[in-house]
Amino acid sequence: MIVTSLLSACATVSSERVAGVCPPVVEYDAGFLAKAAEEVQALSEGSVVVEMLSDYAVMREQARGCGL
């Protein structure tokens, strides 16, 4: 479940909008996301990569909302 949430970037973020240029958000197809989920699940428990992915999910969500 955590893998799906991380990879789909469904993290909770602040509603604050960032002034300036909004970065593009790369969209990944289902096959790519499935492969990434398999690779994340293969990581050892406590892997820092999972924490980094969580941060990335937040940044993606912020980038999606910054141009609204």
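Throughout these legends, a residue is called buried under 20% relative accessible area, exposed over 50%, and partly exposed in between (1.4 Å probe, protein chains only). The model is predicted, so local features need pLDDT of at least 70 and side-chain atom pairs count only at pLDDT 80 or more, while totals for chains, interfaces and linings use all residues. Residues are numbered from 1 along each chain as its sequence is written, and side-chain values use heavy atoms, with hydrogens and water left out.

**View 1. The disulfide between cysteine 22 and cysteine 66.** Searching the whole structure gives one disulfide, defined as a pair of cysteine sulfur atoms within 2.5 Å. Here the sulfur atoms of cysteine 22 and cysteine 66 are 1.9 Å apart. The pair links distant parts of the chain, 44 residues apart: cysteine 22 sits in the loop between helix 1 (2-7) and helix 2 (30-41), and cysteine 66 in the segment after helix 3 (48-65). Helices are DSSP runs (H or I, at least four residues), as are strands (E, at least two), and both are numbered from the N terminus. Cysteine 22 is partly exposed at 30% relative accessible area, whereas cysteine 66 is buried at 12%.

**View 2. Serine 47 in the loop between helix 2 and helix 3.** A polar atom of the serine 47 side chain lies 3.2 Å from the backbone nitrogen of valine 49. With a relative accessibility of 18%, serine 47 counts as buried.

**View 3. The rings of tyrosine 28 and phenylalanine 32.** One aromatic pair turns up in a search of the whole structure. The ring centres of tyrosine 28 and phenylalanine 32 are 4.9 Å apart and the planes meet at 15°, so the pair is stacked. For reference, rings of Phe, Tyr and Trp (its six-membered ring) pair if their centres lie within 6.5 Å; planes under 30 degrees apart count as stacked, over 60 as edge-to-face and the rest as tilted. Tyrosine 28 belongs to the loop between helix 1 and helix 2 and is partly exposed at 32%. Phenylalanine 32 is also partly exposed, at 47%.

**View 4. A nonpolar patch on the surface.** Patches are made of residues with over 30% relative accessible area and no salt bridge; like charges are joined within 9 Å, and nonpolar side chains (Val, Leu, Ile, Met, Phe, Trp, Tyr) within 5 Å. The areas come from the Shrake-Rupley method with a 1.4 Å probe; for residues, only the protein chains shown count as cover.

**View 5. Glutamate 27, arginine 64 and glutamate 61 in one network.** The count comes to three salt bridges, each a side-chain nitrogen of Lys or Arg within 4 Å of a carboxyl oxygen of Asp or Glu. In the bridge between glutamate 27 and arginine 64, the closest N and O atoms are 3.9 Å apart. Glutamate 27 lies in the loop between helix 1 and helix 2 and arginine 64 in helix 3, so this pair ties together parts 37 residues apart in sequence. Glutamate 27 is exposed at 60%, while arginine 64 is partly exposed at 32%. Arginine 64 also meets glutamate 61 in a salt bridge (3.3 Å, N to O). These two are three residues apart in helix 3, about one helical turn. Glutamate 61 is partly exposed at 26%.

**View 6. The salt bridge between lysine 35 and glutamate 39.** Their side chains meet at 2.5 Å, N to O. Lysine 35 and glutamate 39 are four residues apart in helix 2, about one helical turn. Glutamate 39 is partly exposed at 47%.

Conventions: A polar contact is a pair of N or O atoms within 3.5 Å; within protein, one must be able to donate a hydrogen and the other to accept it, and residues adjacent in sequence count only if both atoms are side-chain atoms.
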